Amino acid sequence: MKKIVIDPITRLEGHGKILIYLDEEGKLRDAILQVPELRGFEAFCRGRRAEEMPQITERICGVCPEAHHLASAKALDAAFQAEVPKPARLQRELFYNTYIFSDHLLHLVFLGGPDLLLPDAEKAERNILGVIKRFPDLGRKVVEVRAQAQKILELIGGKAIHPVFALPGGVAKPLSAEDRGIILAASERMVELGKTMIAVFHEEILPQPEFQSLLLSEETWLPTHYMGLVDENLAPNFYDGLVRVVTAEGAELFRLSGPEALGKIAERSEPWTYVKFPYLTDFGWQGLRAGPDSGIYRVGPLARLNVAERMATPLAQEEYERFLDFFGEKPVHATFAYHWARLIEMVQAAETAAKLAKEPELTGSTVRGKLGAPGEGVGVIEAARGTLFHHYKLDPQGLVEYANLIVATTHNAPGIGLSVKQMAAAVVERGMPDEHLLNRVEMAFRAYDPCLACATHFLPGRLPVAVEIYDAEGKLLRRVEG
Amino acid sequence: MPEIKPRIGVFVCHCGKNIAGTVDVAKLAEAASRFPGVVYATHYEYMCSDPGQALLKRAIKEHRLSGVVVAACSPTMHEETFRKAAEEAGLNPYLVEIANIREQVSWVHSGPKATEKAVRVTRAVVEKVWGDRPLEPTEIGVVRRALVVGGGIAGIQAALDIANAGFEVLLVERSPSIGGHMAQLSETFPTLDCSQCILTPKMVEVSRHPKIRILAYSELEEVSGFVGNYRVRIRKKPTYVDPAKCNLCGECAKVCPVRVPNEFDRGLSLRSAIYIPFPQAIPSTYTLDAENCLGIVPLRCGKCAEVCEAKAIDFDMQEEILEEEVGAIVLATGYELYPKEAMAEYGYGTVPDVIDGLEFERLLSASGPTRGEIRRPSDGKIPKEVVFVQCSGSRDPEHHKPYCSKICCMYTAKHALLYRHAVPAGQAYVFYIDIRAGGKDYEEFVNRAMEEERILYIRGKVAKVFREGEKVVVWGVDTLTGKRVEVRADLVVLAQAVVPSPGTEELARKLRVACGGEGFLKEAHPKLRPLEALTAGIFLAGAAQGPKDIPESVAQASGAAAKVVALLSRPKLEHPPEVAEVDEELCSGCGICAPQCPYGAITVDEVAHVNEILCEGCGTCVAACPSGAMSFRNVGDEQVLRMVRAALEVEGAGV
Amino acid sequence: MPEFEPRIVAFLCRWCAAAGADLAGTSRLQYPPNAIPIRVNCSGRVEPQWVVEALKAGADGVLIGGCHPGDCHYVVGNYKTRRRIYLLRRMLAEMGIEPERVRLEWISATEGARFAQVVSDFVAELKRLGPLHGNGGRG
Amino acid sequence: MKLAVYWTGSCGGCDVSFLELGMGLLEVLSRVEIVFWPALVDAKRRDLERLPARSVDVTLVNGVIRTAENKEMVEILREKSKFLGAYGACAHLGGIPALANQVNGVTEIVFGPGFRPGAPLGEAAEDAPPELLPEALSLDEVVPVDFVVPGCPPPAGLIARFFEAAFAEAISPGRIFAGEKALCEECPRTREDRRLTRIVRPHEVQPDPEKCLLDQGIICLGPVTRAGCGAACPKGGMPCTGCLGPTPKAGDPALAMLSALASLVRAGEEGESAFPEENKILDSLVDPIGTLYKYSFAKYGRPLLKLARKRQEVRA
């Protein structure tokens, strides 16, 4: 028998290893994504000062620290029964939309982008350097605008990476008028770049037959349920809203608040990876497979566009319509549509940021809400990669007693695994895999822009965990319910 | 630590049998010879003896030793001895350390364990010497002048003692004349000799003393610098009278149209705007008090100048600011009495015939407003019944001052007796909590008063004092009989609590001197350094440091003066070099060190600075410094940690 | 195996505790030899890092001897130390090390007997606690 | 210049931090040959293993050493590199993930008692995910480290400083690319009343924007932490938590700061009567380990923790 190992999976945040097993005839027997990292955040979050959580948990992921920072702050708002004053909320939302923009841009150009912009480039070329070589003007513009977006994050967050500004019930300090000036200018550049990126997408990427086949081919079509936050108009909202789940057929399964939605998710774990597999309790665990009757669901850009009925801003709405026309189905199950969805979201985020930057109360001086006694709280937010839950219990001193986090990539772990297997099967079909074809497997993977750093913070929460331990012959030795 | 390999010598002392009887000195020396950094180790019967020291010196030369450890008795015994010896042999004395294996080993332990501990102790000290650097004592010059603040009896005494030792003295007094409260007193206990009679000669001596410069009507503005090198700014208010010309004829006062309460008589008499506080005032000159004068610029009156034949009056006189340098400062700012306003329950301030002790002194004084006849303020009648209230405002933590004012028992007894002499038919009552008469002949004096059949001592507190017609009614309780007492008196004299004179705290701030809870100046150590402030070069005298009577004030003043003289007589100020120092390359100026220092030795700008003269070497700031920029000479962290590790090393035992 | 002999490092203020130790000597008071004295100018010079380094380097306990409150030769050094040790002991406890292993005692120059007593008590307590280094306190 | 960048137990923030160079990054990228950088280019472990020894000029490792695999990888990288540096707080000091050292048996807590990582059903044992090391370690506990680019993540200014030195081939061994002085040096806040009359937590007060946070009772590690970030957090209204690591002579930053804080409590108005009040203030410093050892627990807190563990074993 034969085994192929891709290690490490490159151009994604965190660690991953793909194992592809072939039988004697060289047919695919199995393919798995293994996450070999584990840090154990929920363990050492216990006993920490509550107000430190936004800063501690953001170290789960340095690509989306903003998401953890604010999900944590929202959990603390709830735990202290605090009303967040308008100026503080505006700071947070402006900051957050800027992050979504910046993060999506990072992926589109630096991480996943090379796959799209340079589909057939050699390994050494298939990266940001290659992109800059091939599209020098775009490259520079992207770097420039991203720097300005980061400036916004820095002005509000104190630091661009691993910000420090969010506190239970508000933010650290009011925003000055001159800061707003800088932010306003930067946010407009963001919108411009959004337009440019749409143009580039339609000129350079979408027309590629290669990409079209990726978008539409069987091997990337994965019917699952989808989860995401929506506002009262059922448009995607990254910072706040209700958790909506639509089934593989596109029916609404539920629309619930964070704490309620959390009750509808269970997690399954396997000994061969440090990532757990969540599933919807309404369907239960039907094994690691897709389909309308499976409990497996996906989150992230594609999922958000699938649970939404419209976008929140004009430019994004335009592109959203083109997107739906192209596929002619909803939900869109094409895994590679994640890239396109990401682009659409990036535009909405830029437009929203530009709008918020004009809000008069943004520079208001009341940035701290009154805090009640410390208790329990859930915070839910849409990270770039999908829905993110923080759930804390605090002791009377305001120290963390219990913490559980379900992050985007964890929700997607089953989906990612399946996409990898699909692609592996297809690749193997076409004879012995070479570097190039193997990259296809990774592409399936990178479509999710998975953040394995996020996924590997793991410790058990209230959620039921099942562990099965097998011997060499594959006989089940014992089953542990966590 | 140092790059060059150290050459340390270890000398183990037998101290006869004292050490050798318990510790195996040969084994110790042998083990020491194997310590890292040690090139020579030996043992000898009495290291402190001349041959012992000779042995030490020889070894230093022969073995070119870079450091010495003497394993012997407590460093308090012979550290000096061996450091001197080493110095004579050309080795910097700060490279010599003692390992205490007598008091802390041989005398308290026995058996092989004693030897093992001796080895560990010695091993640790060797590590210290390894890290020691040669040091030189810090030297700094001394300005051979002293400043005395306050011209009361304490200040006068201190000034005279310092001046008589041959040093210049600046004597700064806030009011127009020196003399202080003592000048206001009639007689003094327990001898009942006249206060003026014993004070005036001293005042004159001061005024005549070639080494003393009196700056009356002046106040201390600002102080900078440090021990031996203080810079002071003194503000001299204009008196508008040239003392050199004024012949005290007094014509000016006669023609002056102004009348204001006379401070010297505690307001029991009036004075003119141009006045002399009291006839024997020093400097002996009139003073024009501009606040009450009808006006100098533009000149409104000028009568005084017209009548002054000596032409001593100069309306153009300006305020002066004097910049002076002094090596030491004596603070003798004295006391004041607890103010009227605070004593409403005793009718003080509202009932005219309720007065305080000093007012009564003025009534008794021959030179006072009543020429020594006791007449009460309200109507000038001679009081037939007088109530004296002790502890008025003292020993009353709930409402007033918690402490005992110390002098009241004595002066009240004096007042009662003097009243009886002046008014043979009069009746005196004294309310007291208990009598505190510690002091030479004090008890006897109080007994005299108590035995007087017309002085009635009532043990108890006064509850209330109020006016009723011509009488002042005093309600109290006799705690011995438990009966309520009512006295319908003509005059009530309150022995008011003693408090620091106004402005003491402000002055203390200027001088970086601490004040105690009650505002009295704080001494460096309540037992061992009662004459000094914590700030080096600043000394305390008299009641400014706490309630005191005259003999105590004088004694403390002379003590402080002696310390000043000792300080000013030193050719240079030598300061031990084992102090804190700042590595300016590492210091961020965070300033955490500064508040750690009780001596104000640390100042902080971009970085911290340690004044080596002021630093007493406790090292508290070093331990507090988070960045490690502050270090301690010859007690570095690395040094101590090496000592610790060495002391704990298994092989360290070597036995 | 021989009885466990705890190892102690004792940081002693030269003005009080060290003088007290000397007095214990001149009075010939016998006490266990487990404590190795290190003389410092003031207990205020003692740094938490010294204490921890001593524990790491093989000590089973650390004794700090300072002047009684109000008697500090440098007026307030002992107060700073008290607070440092108070907080350090809390930190040690959170790490799972018995705070009893670090002891701050006020010992005046006249308290020779007290010094001897303090050392004896400390040794007894450390024997009760057992070796910090799990190997008879040696290393 | 041949450059390798690798992450061990990392959040990825260190990799992203290079982007903070903005246009400067393009300049840098144009001057280096990236031989290995999982976050940015496609090169696999095999490619790395093929490289001859010391063929990589400079390697930057970010992340805590958490698994056996992390250890293997950095050992390989050490062998392949002329200069190997710790990049970011995790590699430098252990970072926040090293707070896990306070917890015993992470995987057990994660996946329930009896859990052992294993291979997929019926596959070779080698396909099991790597075992966790008993403790999270800083890089220098595993391989010799030539230099450090500190921070969580390293600030752009310091990254630039590093590349300058690297291109000039002027990386002095043991160099830490940050200020020698403490953060206070570059903090704009004014320091007046250097004493702690109370200790408050950032969410409990809205601090004065001009005054030193420590003076306002908020625990700020600025005085013990290297300068180099421009005092970003204090400027943002939040205290420094020490990500750039201790100043050269501070030693254990937590204990150094502990000493400073305790010394400042009511400094100047001490006395036996004040003891209870002082203790109350000191007690209000909750979670001293998480607060004072936030990033440095692996490097500085671990030795003591080891002793504690031994004690527990002995007692058990």
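Okay everyone, one term before we start: a contact here means heavy atoms within 4.5 Å. With that in hand, the most contacts among the 4 pairs of chains that touch are between chains A and D.

Some ground rules. What we have is a predicted model, where local features need pLDDT of at least 70, side-chain atom pairs count only at pLDDT 80 or more, and totals for chains, interfaces and linings use all residues. Residues are numbered from 1 along each chain as its sequence is written, chains are lettered from A and ligands numbered from 1 in the order in which they are written, and side-chain values use heavy atoms, with hydrogens and water left out.

On confidence, the predictor gives the complex an ipTM of 0.88 and a pTM of 0.82. Chain D has a mean pLDDT (the predictor's confidence in each residue, from 0 to 100) of 90, with 94% of its residues at 70 or more.

Back to the chains. Chains A and B don't touch, and their nearest C-alpha atoms are 22 Å apart. Chains A and C have no contact either, with closest C-alpha atoms 11 Å apart.

Now let's look inside chain B.

Last stop: helix H13 of chain B, residues 442-451. Helices (H or I, at least four residues) and strands (E, at least two) are DSSP runs, numbered from the N terminus. Covering the buried residues of H13(B) are, among others, helix H12 (408-422), strand S23 (455-459) and helix H15 (550-569) of chain B.

Technical notes:
Buried means under 20% relative accessible area, exposed over 50%, partly exposed in between (1.4 Å probe, protein chains only).
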